[in-house]
Amino acid sequence: MGPAGPVKVLGLVGWQLRYDLLAVVVIAAVLLPLPDTVDPNDYDAILATAGIVASIFVGFRNMNAYQRWWEARTLWGAVINDSRAMHHALSSVDDGSADMASVLERIRRRQVRYAWQLAAELRGVAPLPGVVDLTEDPPEATTIELLNEQAHDIQGLAASGHIDSPTRLMLMSVNRGLVTSQGGLERIRNQPIPAHYDMFVRGLAWVFALVAFNLLHVATHYVGSIALGLLFMILFIAAERLGYFFERPMSNSVFDLPMYRFCSTSTGNLLGSAQPLAAPRQSDKATVWW
């Protein structure tokens, strides 16, 4: 990332948390001049109870968020592996004929387009320029339609006698693997943590942060206590919000998996590094891979 990488990352994360950070500062400013209406002797019990409950739920939330992130990364790894498997399988059945060569090239190029189209659909954006030009399929073709066209081409190779039945089954098993991986990615993308549970965990985090802020006796206006209480609130609220962002690893944000980089890798594997889409969109030292 370069010498300034950590600072850039902190800036990007801070920008994503800007509304939460603003809320922390505003609430702290409102609480400062207010008299403390809670017996200080009760703070220890309140803090201990709220801390245990909030830590359990926030910890569970963040653990679940990481599991979702890692599962999505694993499924994208399966997409890349299946693309390579398709490429190798096509090379193994190539008989050198001109008719078969054109079909195999079309399957390879459609496989690359499929990966880019999948990334675009998961992010809810249009495919990058040049993606739809990879094949002669309709520009509006979806990932499912592209896989269906792959199946038609494989069937055509079998019908023309270029491949036998076991080879056809082998190529279709790769197609089925892609369908399975896509289904898992769509499940993660379309089914985040339920909204009511998200609100509950977020509320717990705020309650605990506010109690801790008051426990530091900010009403006495000691600058160190105020700064420490504000820092504690920011860190705890940020920890809960980071879990929220990591639950959505394909939401077109800086917390996304580097799906375009995965697609560039697949493009280079199947079509060669000379293909423009095979070039990574960011350098190896970029702050965020997209």
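**Exercise 1.** Classify Ala227 as buried, partly exposed or exposed.

Solution. Buried means under 20% relative accessible area, exposed over 50%, and partly exposed in between (1.4 Å probe, protein chains only). Ala227 has a relative accessible area of 46% and is therefore partly exposed. Ala227 lies in helix H8 (residues 223–246); helices are DSSP runs (H or I, at least four residues), numbered from the N terminus. Its C-alpha is separated by 9.7 Å from that of Phe213, 14 residues apart along the chain.

The model is predicted: local features need pLDDT of at least 70, side-chain atom pairs count only at pLDDT 80 or more, and totals for chains, interfaces and linings use all residues. Residues are numbered from 1 along each chain as its sequence is written, and side-chain values use heavy atoms, with hydrogens and water left out.

**Exercise 2.** Compare the span of helix H7 with the expected one.

Solution. Helix H7 (residues 195–215) has 21 residues. The expected span is 1.5 Å times one less than the number of residues. From first to last C-alpha, H7 reaches 30 Å, close to the 30 Å expected. Its buried residues include Trp206, Phe208 and Phe213.

**Exercise 3.** Determine whether Leu22 is buried or exposed, and identify where it is found.

Solution. Leu22 is exposed because its relative accessible area is 53%. Leu22 is found in helix H2 (residues 18–31).

Note on methods. Helices (H or I, at least four residues) and strands (E, at least two) are DSSP runs, numbered from the N terminus.
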